[in-house]
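Open the model in a viewer and keep the selection panel at hand. The tour below goes from one selection to the next and says what is found at each stop.

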Amino acid sequence: MNREYWDQQADDWEGQIFDSLSEDLRGVIRRAIQRAARRSDRVLDFGCGVGGYLSFLSREFREVHAIDWSARCVARARERTRRLGNVTVERNTPRVLRRLEGAFGCVVAANVVIHPNAGVRRRLWLAIRRTARRGATSLFVVPSLESAQYCERVRRRLGLARVAGANDVRAAAGIVPIEGVPTKHYAADELRSVLAAAGFRLTVLTPVRYAWSSEGLAQLAGTRRRLPWDWLAEARAV
Ligand SMILES: C[S@@+](CC[C@H](N)C(=O)[O-])C[C@H]1O[C@@H](n2cnc3c(N)ncnc32)[C@H](O)[C@@H]1O
């Protein structure tokens, strides 16, 4: 899940990468962004990918900045937002990060800190924190470990094939494959302490519900079971 990996995803992004903003069935991400926009007029989309959040952010904030470390993603995000006068998209480099230090009253990072290596994640959380002003609202969408475990239990009960690796020893550390790619999933308690270690105070934790088809379980649509979810963490930079 390095920079080359994300470069490779850029061309077939819509076929490969889950779009949390448009798949969020109850609109909790949009509402959280709208609440944050009342407190700040300048937002950073950290790890913007091909820019799935940018047109919505552009409507809600006066000024939108977006960074990603993948050149291919940046190119696609720029292309997608070329008619939006308040959006700037840049490659994430050490120089850009230094310039953006403490510059934002709102920071969004949706499914960005998901690398399987704990050191890579720790550095990334700290880099995100450095872009936020003290007191800034920060919105993080992350895969939920509880949801992954719940979906595995549902599969087992239905006698369906399990997700390869979902139960192996790494799953205990929250590393569960998505489409075969080892991906960090967060338990609610862990998320609180990880954010605290990076200089954020968790204020609200909300499940972002998705359709069963997102887990390859479309046959469960319309049943009364709880739907799968990501976590949306709203936090304050302290
Ligand atoms: C799953 S995608 C999410 C993209 C976007 N936030 C969205 O929700 O559509 C993860 C993105 O994080 C970016 N990323 C990962 N590590 C990064 C880093 N250190 N700096 C900037 N971008 C990073 C990747 O290049 C990729 O585009």
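Is glutamate 179 buried or exposed? Select glutamate 179: with 10 other C-beta atoms within 10 Å, the residue is exposed. Keep in mind that this is a predicted model. Glutamate 179 lies in the loop between E6 and E7, and its phi is positive, about 50°, although the residue is not a glycine.

Strand E6 covers residues 175-178 and strand E7 residues 181-184; they run antiparallel and are joined by four bridges. Together E6 and E7 make a hairpin with two residues between them. Within this pair, proline 177 stands opposite proline 182 in E7.

Next, zoom out to the whole protein chain. Its secondary structure amounts to 10 helices and nine strands. The radius of gyration is 17 Å, close to the 18 Å that the globule rule gives for 238 residues, so the chain is as compact as a globular protein of that length. The C-alpha trace spans about 50 × 35 × 35 Å along its principal axes. Colour by burial, and 37% of the 238 residues count as buried. If you draw the contacts between residues at least 6 apart in sequence, 67% of them join residues at least 24 apart.

Select strand E4, residues 104-110. This strand is mostly covered, with seven of its seven residues buried. E4 pairs with two other strands, as follows.

- Strand E1 (residues 42-46) pairs with E4 in the parallel sense over three bridges; aspartate 45 stands opposite valine 108 in E4.
- Strand E5 (residues 132-143) and E4 also pair in the parallel sense, over six bridges; valine 141 in E5 is the bridge partner of alanine 110.

Centre on alanine 109: leaving out residues up to four places away in sequence, it touches Phe46, Gly47, Ile128 and Phe140.

Follow the chain out of E4 to asparagine 111, in the loop between strand E4 and helix H8 (118-131). Asparagine 111 has a positive phi of about 55° although it is not a glycine. How many other C-beta atoms lie within 10 Å of asparagine 111? There are 19, and the residue is partly exposed; a residue needs 20 or more to count as buried.

The shell has 17 residues, and the closest are Trp6, Gly47, Gly49, Gly52 and Ala110. By class, the shell divides into nine nonpolar, seven polar and one charged.

The last stop is alanine 10, in helix H1 (residues 3-10). Alanine 10 counts as buried because 20 C-beta neighbours lie inside 10 Å. Beyond residues up to four places away in sequence, alanine 10 touches Val50, Ser70, Arg72, Cys73 and Arg76. To finish, draw a C-alpha to C-alpha distance from alanine 10 to cysteine 48: the two are 38 residues apart in sequence and 11 Å apart in space.

Technical notes: Residues numbered from 1 in each chain as written. Predicted model: local features only at pLDDT ≥ 70, side-chain atom pairs only at ≥ 80, totals over all residues. Rg over C-alpha atoms; globule rule 2.2 N^0.38 Å. Buried ≥ 20, exposed ≤ 12 C-beta atoms within 10 Å, placed from the backbone. Contact = placed C-beta atoms within 7 Å. Near = placed C-beta within 6 Å. Nonpolar A, V, L, I, M, F, W, Y, C, P; charged D, E, K, R; others polar. Pairing = 2+ DSSP bridges.
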